[in-house]
Amino acid sequence: MHWLWVLIVGAVIGAIAGAVTNRGESMGWIANIIAGIVGSFIGEGILGSWGPQLAGMAIVPSLIGAIILVLIVSFIVRKKA
């Protein structure tokens, strides 16, 4: 049951990161989940796990990490196109 919550929270974090960066309209729900989970690892690795937590993810560092991830990936994809 824990993994279901991780997927849901990852999707929400990825969707928020896409909305903040204005690059979320082309991301599907699978990309939102991946961006949220990977962004959570990045954010917690850089900033630690402070603040409120949901499904084992610190919300604020996870959002910051997901925003960084979305910006980097969109920059790389834009360079190739």
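Guide: Contact here means heavy atoms within 4.5 Å. Helices (H or I, at least four residues) and strands (E, at least two) are DSSP runs, numbered from the N terminus. You're looking at a predicted model, where local features need pLDDT of at least 70 and side-chain atom pairs count only at pLDDT 80 or more, while totals for chains, interfaces and linings use all residues. Residues are numbered from 1 along each chain as its sequence is written, and side-chain values use heavy atoms, leaving out hydrogens and water.

Visitor: Let's start with H3: which elements do its buried residues pack against?

Guide: Buried means under 20% relative accessible area, with exposed over 50% and partly exposed in between (1.4 Å probe, protein chains only). In H3, that picks out Pro61, Ser62, Gly65, Ala66, Leu69, Val70 and Ser74. The partners of those residues are helix H1 (2-21), helix H2 (29-47) and strand S2 (57-58).

Visitor: How far apart are the end C-alpha atoms of H3?

Guide: H3 covers residues 59-80. The expected span of a helix is 1.5 Å times one less than its number of residues. For the 22 residues of H3 that gives 32 Å, and the model agrees, because the end C-alpha atoms are separated by 32 Å.

Visitor: How are H1 and H3 oriented relative to each other?

Guide: Axes are lines fitted to C-alpha atoms, for helices over the stretch in contact, and angles run from 0 to 180 degrees between N-to-C directions. The axes of H1 and H3 come within 9 Å and cross at roughly 55°. Angles under 35 degrees count as roughly parallel, over 145 as roughly antiparallel, 65 to 115 as roughly perpendicular and the rest as oblique. So H1, relative to H3, is oblique.

Visitor: Which residues of H1 and H3 make that contact?

Guide: The H1 and H3 axes come within 9 Å of each other. H1 puts in Ile13, Ile16, Ala17, Val20 and Thr21, and from H3 come Ser62, Leu63, Ala66, Ile67, Val70 and Leu71.

Visitor: How about H1 and H2, what is their orientation to each other?

Guide: Their axes are 6 Å apart, packing at an angle of about 95°. The H1 side of the contact is Val6, Leu7, Gly10, Ala11, Ile13, Gly14 and Ala15, meeting Asn32, Ile33, Ala35, Gly36 and Ile37 of H2. The two helices are therefore roughly perpendicular.

Visitor: Zooming in on valine 9, which residues does it touch beyond four places away in sequence?

Guide: Valine 9 belongs to helix H1 and counts as buried, because its relative accessibility is 6%. Its C-alpha atom is 10.0 Å from that of asparagine 32, 23 residues apart along the chain. Not counting residues up to four places away, valine 9 touches Leu54, Ala55 and Met57.

Visitor: Which elements pack against the buried residues of H2?

Guide: The 19 residues of H2 should span 27 Å, and its end C-alpha atoms are 26 Å apart, which agrees. Asn32, Ile33, Ala35, Gly36, Gly39, Ser40 and Gly43 are the buried ones. Packed against those residues are H1, S2 and H3.

Visitor: Last one: which residues does glycine 48 contact, leaving aside neighbours within four places?

Guide: Glycine 48 is in the loop between H2 and strand S1 (53-54), with a positive phi of about 85° just after H2. It is partly exposed, at 23% relative accessible area. Beyond those neighbours, glycine 48 is in contact with Gly43 and Pro61.
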